Amino acid sequence: MIVWVTGANGFIGRHLVHELAGMGHAVHGIGHGALDATEARRLGLQSWINGEIDAANLNALATAHGLPARIFHLAGGSSVGVSIERPFEDFSRTVASTARLLEWLRGSAPDCAVIAASSAAVYGADHFGPIAESAVVTPMSPYGQHKLMMEQMCASYARSFGLRCTVVRLFSVYGPNLRKQLLWDICSRLNAKEQVLTLGGTGNEIRDWTDVRDIARLLASVAEASSSQETFRVVNGGSGRGTSVADIAAGLIGQWGSKTVVRHSGVSRPGDPMSLLADDAMLRQIGFDWRIPLDQGLADYVAWFKGQAS
């Protein structure tokens, strides 16, 4: 099967390409970042276009390799902080690129199924306990708002033009090659032998942590389970198991073999809800199994970090 991945050179995209290529698909990628032919083949990409998600590049990919049966749309903004600093840039990356992709699909590949990666940030604050897909969405940041706008465009093209779109709301994804956010920050400071780590927030913030290798399998599984009768659906991409930021920090420090002390400033970052935990009922219905427990995932992350830092 011909499969395209937008944002294939990103953190999740690289793991997803590896998963899809391992399933025997012909995987082609488009997005930003230089990839030479050797590195592209190592990832599992048969071709790579370094550029915008626009009609010219999509037409070039189709002419060279044929129309896709599925597109995994991962391109877009990836940081709450950056979206607050540069909201128009985040809008362009997430909303404008999705609009161009959907419009191209409407005219050139209407039978192609879309699996779009969204975020739990669309839920916003004031949720306690597991959050179902039907919950009220109240994003707190431009990042969450733009992801919601992307979802709404997918719903519009599904209902008006019959495009088949599945939106997967990802929660806190971590794993090898993640070079930003909490785990990267903590490991960087442990590597610098800081004796006291002061982190933002209270430490009691709850997140649904999922290993990126499981997420790659999840996205592939959701695509396999998509129904030809249902043009639009939203699925939570979380495990339903919540862990506090304080416990994540303690787990990393334990895996590192350090006696570093953690303190919390008590000041939350803008756009940061207290709790984001998935109701995973829909994933259980399709029979998806999470294979990498948190302890193993943290151990693997620390091992990867030490390996790339040495």
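A: The lining of the second largest cavity has 6 nonpolar, 1 polar and 2 charged residues. Here Ala, Val, Leu, Ile, Met, Phe, Trp, Tyr, Cys and Pro count as nonpolar, Asp, Glu, Lys and Arg as charged, and the others, Gly among them, as polar. The model is predicted: local features need pLDDT of at least 70, side-chain atom pairs need 80 or more, and totals for chains, interfaces and linings use all residues. Residues are numbered from 1 along each chain as its sequence is written, and side-chain values use heavy atoms, without hydrogens or water.

Which residues line this second largest cavity? They are Met 1, Val 3, Leu 20, Met 23, His 25, Arg 70, Phe 72, Ala 220 and Glu 224. Strand 4 (70–73) and helix 8 (212–224) are the elements that give two or more residues to this lining. Helices (H or I, at least four residues) and strands (E, at least two) are DSSP runs, numbered from the N terminus. The second largest cavity holds about 30 Å³ of space. The count of cavities of 30 Å³ or more is 2. A cavity is a set of points on a 1 Å grid over the protein atoms alone where a 1.4 Å probe fits but cannot get out; a pocket is an open set with protein on both sides within 12 Å along at least five of seven lines; lining residues have an atom within 4 Å of a point. Volume is the space filled by probe spheres on the points, which are joined across faces, edges and corners.

Now follow helix 8 to its contact with helix 1. Helix 1 covers residues 11–22, and its axis comes within 9 Å of the axis of helix 8, crossing at roughly 60 degrees. So helix 1 is oblique to helix 8. Oblique is what remains after roughly parallel (under 35 degrees), roughly antiparallel (over 145) and roughly perpendicular (65 to 115). Axes are lines fitted to C-alpha atoms, for helices over the stretch in contact, with angles from 0 to 180 degrees between N-to-C directions. The crossing of helix 1 with helix 8 is right-handed, that is, the near helix is turned clockwise from the far one by less than a right angle.

From helix 1, the contact uses Phe 11, Ile 12, His 15, Leu 16, Glu 19 and Leu 20. From helix 8, Val 212, Arg 213, Ile 215, Ala 216, Arg 217, Leu 219 and Ala 220 take part. Contact means heavy atoms within 4.5 Å. Between helix 1 and helix 8, 9 residues of the contact are nonpolar, 1 is polar and 3 are charged. Leu 20 and Ala 220 belong to this contact and also line the second largest cavity.

The second largest pocket draws on these helices too. Its space is about 200 Å³. Its lining is Arg 14, His 15, His 18, Glu 19, Arg 42, Leu 43, Asn 177, Arg 213 and Ala 216. Helix 1 gives the most, with 4 residues. The pocket lining divides into 2 nonpolar, 3 polar and 4 charged residues. His 15, Glu 19, Arg 213 and Ala 216 line this pocket and also sit in the contact of helix 1 with helix 8.
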